[in-house]
Amino acid sequence: MSDASKGLSLYNTLTRRKERFVPIDPQNVRMYVCGPTVYDFAHIGNARPAIVFDVLFRLLRQLYGQSQVTYVRNITDVDDKINARALRDFGGDIAAGKLSLNDAIRQVTEKTADQYHKDVAALGCLQPTYEPRATEFVAPRADGKADMLSLIRQLIERGHAYVAGGEVLFDTASMPDYGELSKRNLDEQQAGARVAVDAHKKNPGDFVLWKLSGPEEPGWDSPWGRGRPGWHIECSAMSAAYLGEIFDIHGGGLDLIFPHHENEIAQSRCAHGTRVMANVWMHNGFLQVEGQKMSKSLGNFYSIHELLETETFGGRTWPGEVLRLAMLMTHYREPIDFSVRKLEEAENTLRKWKRAADLAPAAAKDLPAEVVEALSDDLATYTTFQRLTQLAGEAMEFTGTGENAVAASLKAALAFLGFDVGAAKVDEAAVAKAIVDRLALIAAKNWAEADRVRDELLAQGVQLKDGKDPATGGRVTTWEIKR
């Protein structure tokens with residue numbers, strides 16, 4: 001086995017098999033992941049790729065060195081949904097001349113991008129190395145990095161794109177192996193762009209690289225008229241800008257295989273004349289909520305922010321690390337049923353792990369080899385978590401003297417996986433008030449609400465202990481920090 005592989009195997013959607021991972025350059029392992037379209041707050045389906053590829057980023061840094069991994073996750077801030085949201089929220093100001101359309105769009109995308117950053121930070125995700133915004137890579141740049149207009153021009157010059165009906169379209173018939181990622185024949189392809197199939201297309205599967213913009217739409221000057229890019233070209237430009245024409249890993253959700261990733265491959269390969277765009281393509285599975293497809297019409301559409309800050313799901317808020325563990329308890333390639341029960345299971349599991357890890361004052365310097373080995377098998381988180389549970393049991397059974405080395409190893413593994421192993425932070429005044437409220441509920445025989453207060457405190461690491469005042473015989477409640 002090559003030293004460059006480090007024992008890592010990943011499932012490659014392009015080849016439909018698990019393969020030994022060997023980076024192009026072990027000194028600069030390169031990964032690109034499709035990020036959010038920031039027209040609204042990110043939903044819990046968006047949380048899954050953020051978490052999954054954060055784990056992979058952490059693993060690659062462990063195997064190759066923290067400074068030897070480049071992780072790019074983009075932000076899509078040009079999209080017809082964003083345009084519609086800006087007109088909805090700021091239409092009056094735009095009509096009155098108080099705000100330009102571009103300024104309104106910027107206000108929408110800044111707010112939603114900021115919220116996304118807060119959300120993924122709460123989920124325990126590291127910041128990517130670079131986070132380019134699509135609007136910054138439309139026109140040629142002063143730094144010479146790849147841009148969308150230049151890529152489109154290259155595709156036209158190489159005979160892979162054409163101008164028709166006020167649009168620039170990619171000619172799918174010009175690429176003999178188009179459809180290799182999704183395994184679809186050319187005859188099966190759909191438009192997959194932001195517009196419907198039109199008569200001016202040579203083939204039904206041809207997709208938009210550039211389309212004209214009306215007065216109430218964002219636009220950039222181009223050789224083909226004032227317009228804006230199609231959906232797919234942005235990732236071809238931003239990945240090339242930071243990772244080069246060929247890089248190691250491209251990730252995203254299963255729903256992006258076709259048309260988005262298929263069309264990215266077509267654009268990039270044909271513009272650069274390369275054999276591949278990325279060597280490994282990884283995709284996380286779909287997410288459903290309580291056994292149903294997530295949909296606003298079904299009333300089960302939840303944003304990450306809602307789960308973190310409101311009681312709309314399960315009647316309570318959920319810590320980010322509980323959401324993180326719940327997502328990782330199912331292997332990334334499998335579909336996941338996101339439910340209150342799964343969150344409760346994750347919370348209980350995490351509490352047990354942390355209680356055991358707290359038996360060590362500090363994390364071990366080295367990670368448990370079994371944890372790295374399990375994750376190196378295509379991010380086998382189930383096997384990884386089995387090992388963490390074993391470590392927790394061994395740490396709790398430790399009866400020797402000196403440092404609890406097993407607890408220290410567990411603490412290191414939890415920190416590595418993105419979980420907080422610091423000392424529990426408790427608002428003592430809030431705990432005191434909650435105890436007073438609970439005693440009042442008990443006096444009123446409202447046992448259900450009293451139990452709810454107790455359980456909420458326990459979820460925060462605070463365990464209540466009821467006793468009797470020896471002098472009065474009345475109930476006395478004390479508390480201690482307990483994971």
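The model is predicted: local features need pLDDT of at least 70, side-chain atom pairs count only at pLDDT 80 or more, and totals for chains, interfaces and linings use all residues. Residues are numbered from 1 along each chain as its sequence is written, and side-chain values use heavy atoms, with hydrogens and water left out.

Start with the largest pocket. Its volume is about 1200 Å³. A pocket here is an open set of points on a 1 Å grid over the protein atoms alone, with protein on both sides within 12 Å along at least five of seven lines. Points are joined across faces, edges and corners, and a volume is the space filled by probe spheres set on them. The largest pocket has 41 lining residues, meaning residues with an atom within 4 Å of a point. H43, G45, N46, D255 and L256 lie nearest its centre. The largest share, four residues, comes from α1. Helices are DSSP runs of H or I with at least four residues, strands are runs of E with at least two, and both are numbered from the N terminus.

By class, the pocket lining holds 20 nonpolar, twelve polar and nine charged residues. Ala, Val, Leu, Ile, Met, Phe, Trp, Tyr, Cys and Pro count as nonpolar, Asp, Glu, Lys and Arg as charged, and the others, Gly among them, as polar.

Next comes the cavity. The structure holds one of 30 Å³ or more. A cavity is a set of grid points where a 1.4 Å probe fits but cannot get out. Helices α1, α7 (304-309) and α8 (320-328) each supply at least two of the lining residues.

Ten of the eleven residues of α5 are buried, that is, under 20% relative accessible area with a 1.4 Å probe on protein chains only; exposed is over 50%, and partly exposed lies in between. Among the buried ones are I233, E234 and L243. Just after α5, G244 takes a positive phi of about 95 degrees. I257 lies in α6, which spans residues 257-272. I257 is buried too, at a relative accessible area of 12%. Neighbours within four places aside, I257 is in contact (heavy atoms within 4.5 Å) with T13, L181, S182, E262 and H283.

Turn to the strands. Two strands pair if DSSP finds at least two bridges between them. Strands β1 (residues 9-12) and β2 (residues 17-20) run antiparallel, joined by four bridges. Y11 stands opposite K18 in β2. Four residues sit between the strands of this hairpin, and R16 takes a positive phi near 60 degrees.

Elsewhere, three strands form an open sheet in the order β12-β11-β13, with mixed pairing. The edge strands, each pairing on one side only, are β12 (292-293) and β13 (336-338). Three bridges join β11 (residues 287-289) to β13, and these two run parallel. Q288 stands opposite D337 in β13.
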